[in-house]
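Hi,

Here is the model I promised to pass on.

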Amino acid sequence: MLSFNHVSLTYTNGKTEVHALDDINLKIEKGKRYAVIGPSGCGKTSLLFLMAGLLSPTEGEILLYGKQLDGPYRGMALILQEYGLLPWKTVWENAALGLALRKVPQTEVNCILEPVFKELDLTECLNRYPSQLSGGQKQRVALARALALQPEILLMDEPLSALDALTRENLQKLILEIIIKHKITCVLVTHSIEEAVFLGQEIIILSARPGHIRTVVSNPAQGSEGFRHDLRFHEKCTEIRSLLEAPCNDRQ
């Protein structure tokens with residue numbers, strides 16, 4: 001579905017040149033769930049923005065369905081860490097924003113949003129503003145806005161990092177149920193080993209900057225009933241932690 005072929009990224013920060021990513025080779029398969037994890041500053045968000053078409057590679061090529069990705073693709077939705085909600089708009093208006101920008105007729109907007117709000121348990125919050133919502137509710141509104149676009153690929157940049165542990169786990173479960181139900185390809189950037197293991201069928205481990213792929217770990221038990229309490233979950237967390245702590249001497 002999405003292929004990175006020898007992709008590198010260098011950008012300028014003030015007068016400093018930053019080599020963010022180096023020689024990334026990666027294939028994202030349709031319908032699968034991926035988690036990206038690595039040290040702070042290793043280029044995880046840059047990798048996600050390349051997938052979204054918001055950045056262009058300095059070297060190499062990115063192919064979507066075999067064709068060059070030259071900008072944002074309408075079949076993608078991106079959820080950012082800080083929710084990205086407009087404080088002067090209600091829950092309904094924030095969730096409808098992407099559809100409004102696409103000039104979707106209001107009657108169609110209503111038909112699209114109503115089942116999304118019901119699925120995310122937001123029907124009682126529709127006339128509230130972001131300042132009147134909890135962190136978990138804000139994140140569900142951001143998720144509603146993304147799902148309203150009926151994406152083929154959902155990209156998430158540490159969307160749950162600001163939440164308390166219990167709210168975070170509940171939203172992880174909700175996100176997993178939704179992407180499985182709607183057969184959405186998903187790429188999640190996270191700092192949490194447990195979150196990567198719970199949500200990723202494939203776990204992409206990046207090195208320190210310039211980020212390159214150290215290894216991709218298969219997680220076949222992911223998505224199974226009661227996985228968080230399964231011995232395989234804890235064993236996989238231990239494996240990922242060991243790989244992250246190990247010296248980076250080569251690439252796989």
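By a nonpolar core I mean a set of buried Ala, Val, Leu, Ile, Met, Phe, Trp, Tyr and Cys residues joined through side-chain atoms within 4.5 Å, where buried is under 20% relative accessible area, exposed is over 50% and partly exposed is in between (1.4 Å probe, protein chains only). Keep in mind that this is a predicted model, so local features need pLDDT of at least 70 and side-chain atom pairs count only at pLDDT 80 or more, while totals for chains, interfaces and linings use all residues. Residues are numbered from 1 along each chain as its sequence is written, and side-chain values use heavy atoms, with hydrogens and water left out.

On to the cores. The largest one has 54 residues, and those touching the most other members are Leu113, Phe117, Leu120, Leu143, Leu154, Val197 and Ile203. Helix H5 gives this core its largest share, 7 residues (helices are DSSP runs of H or I, at least four residues, and strands are runs of E, at least two, numbered from the N terminus). Domain 1 (2-75 + 152-245) and domain 2 (85-150) each put in at least three residues; the bounds come from an automatic or database domain assignment. Another core, of 29 residues, lies apart from it and includes Ile24, Leu50, Leu64 and Leu155.

Leu154 has contacts (heavy atoms within 4.5 Å) with, among others, Ala77, Leu143, Ala146 and Ile179, leaving aside residues up to four places away in sequence.

Next, H4 (residues 106-119). Its buried residues are Val109, Ile112, Leu113, Val116 and Phe117, and their cover includes helix H2 (91-95), helix H3 (97-101) and helix H5 (135-148). Why are residues three or four places apart worth checking in an α-helix? They point the same way, because there are 3.6 residues a turn. Just after H4, Asp121 has a positive phi of about 55 degrees.

Of its 21 lining residues, Met76, Ala77, Leu78, Arg102 and Leu149 are the closest to its centre. Strand S6 (76-79) supplies the largest share of the lining, 4 residues. (On a 1 Å grid over the protein atoms alone, a pocket is an open set of points where a 1.4 Å probe fits, with protein on both sides within 12 Å along at least five of seven lines; lining residues have an atom within 4 Å of a point.

Cheers
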